[in-house]
Amino acid sequence: MAAAARLWRPLWQVSAAAAARACPRASCRVSISDEPETLYKRLSLLVKGHDRAVLDSYEFFAVLAAKELGISVEKVHRPPKTIERFTLLKSVHIFKKHRVQYEMRTHYLCLELKHVTGSTAAVYLEYVQRNLPEGVAMEVKKVITTVKGIKDDSKHLLLLELKRTCGFVFSPITQLPNITYSRN
Amino acid sequence: GPALSAFPCTGLSPAAPHPSCTGKPRTGHSTPGHVPPRTERMAVDQDWSSVYPTAASFKPASVPLPIRMGYPVKRGVPPPKEGNLELIKIPNFLHLTPPAIRKHCAALKDFCTEWPSALDSDEKCEQHFPIEIETVDYVSAGTSIRNPKARVVTLKVKLSNLNLDDHAKKKIIKLVGERYCKDTDMLTITTDRCPLRRQNYDYGIHLLTVLYHESWKTEIWESEKTEEDMEEYIWENSRSQRNALDTLLRIKASENITNVTKEELLASEIVKNYKNSVVALKNEGETENNMSQYKESVKKLLNIQA
């Protein structure tokens with residue numbers, strides 16, 4: 001995302017150098033744009049790793065970061081591990097009866113976050129992904145809930161005609177300011 | 001000497017010294033021993049986030065903890081932290097202690113926005129924003145940051161939120177086929193035919209638009225819809241209605257009452273009961289309730305007391 005691309009410079013400076021003193025210059029880097037905000041109904045982070053202890057530490061970090069940034073954590077659960085095994089010949093030439101077996105264990109950790117705005121999601125995901133330990137992978141499933149329209153014959157973008165609410169063209173809820181970050 | 005301490009000894013080959021060390025101690029150190037580790041000069045209440053500000057490998061001289069890791073030798077304890085490869089290999093979280101996380105989040109909090117309080121429940125989200133779009137992002141270590149699965153976009157709508165009349169709803173269900181789930185009333189469209197996510201999203205919205213408009217149109221050939229194409233059983237103008245009316249008319253004729261008309265018979269209570277029971281049987285299937293209801297209605301229709 002364009003917003004995320006612009007985040008990396010100030011974030012790097014903040015975490016590396018001035019994290020100790022709450023940098024007063026950070027607030028002047030925040031600029032508010034008029035772009036409407038995407039709203040994520042659910043953010044589902046699936047973290048995969050080979051080591052259970054590393055995932056446990058990562059869970060502590062991700063949950064604490066979510067709490068500090070004000071994101072509600074709906075559920076944290078650990079799906080069962082998968083083991084992929086394969087058998088190879090032990091020797092380079094002949095000796096078919098002697099084999100060696102290898103396995104790869106993948107442990108999973110699933111974090112479900114609820115009701116996150118686009119800016120908050122960009123901040124949280126970038127923070128959490130930059131601190132992903134080596135050898136750990138992540139899949140983020142985002143469920144966006146935003147009004148979209150359907151073109152009718154007159155080629156204008158209309159809202160869906162909901163049965164209960166009469167069609168209003170742009171709901172005021174979608175027009176939240178999107179917070180972007182500038183380089184100065 | 002001091003040159004040796006710059007390269008943490010891994011314990012792999014303790015006998016061979018590093019080629020770049022000359023063995024001559026630098027002036028200023030009286031003994032050719034090593035410099036005392038930094039841990040001895042650390043205060044208990046120091047600022048740990050300045051020791052490990054970013055992710056770094058484990059440095060035994062910088063971490064003042066008596067950690068032991070590894071498989072113990074026979075009748076012994078796990079090896080100490082000095083020269084311990086296991087401690088260096090495993091990713092550590094020394095740069096992410098709770099105070100450090102709190103400092104980071106305090107600095108990041110300015111960039112976050114609040115969720116609108118008007119949408120605090122799932123039902124309200126669905127009421128105002130009926131379409132849900134699901135996308136997946138992938139992060140992993142590798143030579144490339146791209147993942148071909150990232151272009152898949154899934155659209156989910158409840159058909160009750162779309163403005164469809166009876167014919168339109170049946171038509172859209174027929175058009176869409178397997179993508180509609182009757183239990184949750186959810187239409188799921190998954191698109192991945194385009195190379196970019198944005199293109200797949202646009203295509204998904206286009207599909208939804210086209211389905212919506214097509215289902216409202218009535219084609220000429222739709223009038224040829226036969227009984228096999230019907231989704232549910234309709235009693236009017238069916239064989240069951242004709243048979244029931246014929247039977248009742250013949251019963252009345254045999255009793256010599258000739259002045260009953262079809263509309264009167266249709267409107268009578270007995271025929272309505274029979275109609276309800278037959279419709280329930282055909283649409284919902286055979287349950288105890290349905291079968292007993294059918295039995296009662298047939299008994300009343302044919303005037304059998306048993």
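When I say a residue is buried, I mean that it has under 20% relative accessible area. With that in hand, hello everyone, and please keep in mind that we are looking at a predicted model. By that cut-off, 30% of the 306 residues of chain B count as buried.

Let me stay with chain B for a moment. Its elements are 11 helices and 4 strands. If you take the contacts in chain B with a separation of 6 or more, residues 24 or more positions apart account for 53% of them.

Now please find helix 10 of chain B, residues 269–284. This helix has 16 residues, and from its first C-alpha to its last it reaches 22 Å, close to the 22 Å expected at 1.5 Å a residue. Which of its residues are buried? They are B:Val271, B:Tyr274, B:Ser277, B:Val278, B:Ala280 and B:Leu281. As you look at that list, remember that an α-helix has 3.6 residues a turn, so residues three or four places apart point the same way. And what do the buried residues of helix 10 of chain B pack against? Their partners are helix 8 (239–254), helix 9 (262–267) and helix 11 (288–301), again in chain B. Just after helix 10 of chain B you come to B:Gly285, which takes a positive phi of about 100°.

Let's move over to chain A. Here we have 4 helices and 9 strands. Starting at the N terminus, the order of the elements is α-α-β-β-α-β-β-β-α-β-β-β-β. Of the 184 residues in chain A, 43% are buried. For contacts between residues at least 6 apart in sequence, 76% in chain A join residues at least 24 apart.

The pair I'd like you to zoom in on is helix 3 (residues 52–69) and helix 4 (residues 118–130) of chain A. Their axes come within 11 Å and cross at roughly 155°. Angles over 145 degrees count as roughly antiparallel, and therefore helix 3 and helix 4 of chain A are roughly antiparallel to each other. Their crossing is right-handed.

Who makes the contact? From helix 3 of chain A, it is A:Tyr58, A:Phe61, A:Ala62, A:Ala65, A:Ala66 and A:Leu69. Helix 4 of chain A brings A:Val123, A:Tyr124, A:Tyr127, A:Val128 and A:Gln129. Sorted by class, this contact has 10 nonpolar residues, 1 polar residue and no charged ones.

Methods:
Residues numbered from 1 in each chain as written. Chains lettered and ligands numbered in written order. Predicted model: local features only at pLDDT ≥ 70, side-chain atom pairs only at ≥ 80, totals over all residues. Heavy atoms only, no water. Helix = DSSP H or I, 4+ residues; strand = E, 2+ residues; numbered from the N terminus. Expected span 1.5 Å × (residues − 1). Buried < 20%, exposed > 50% of the residue type's maximum accessible area, 1.4 Å probe, protein only. Contact = heavy atoms within 4.5 Å. Axes fitted to C-alpha atoms, helices over the stretch in contact; angles between N-to-C directions. Parallel < 35°, antiparallel > 145°, perpendicular 65-115°, else oblique. Left-handed = near helix turned anticlockwise from the far one by under 90°. Nonpolar A, V, L, I, M, F, W, Y, C, P; charged D, E, K, R; others polar.
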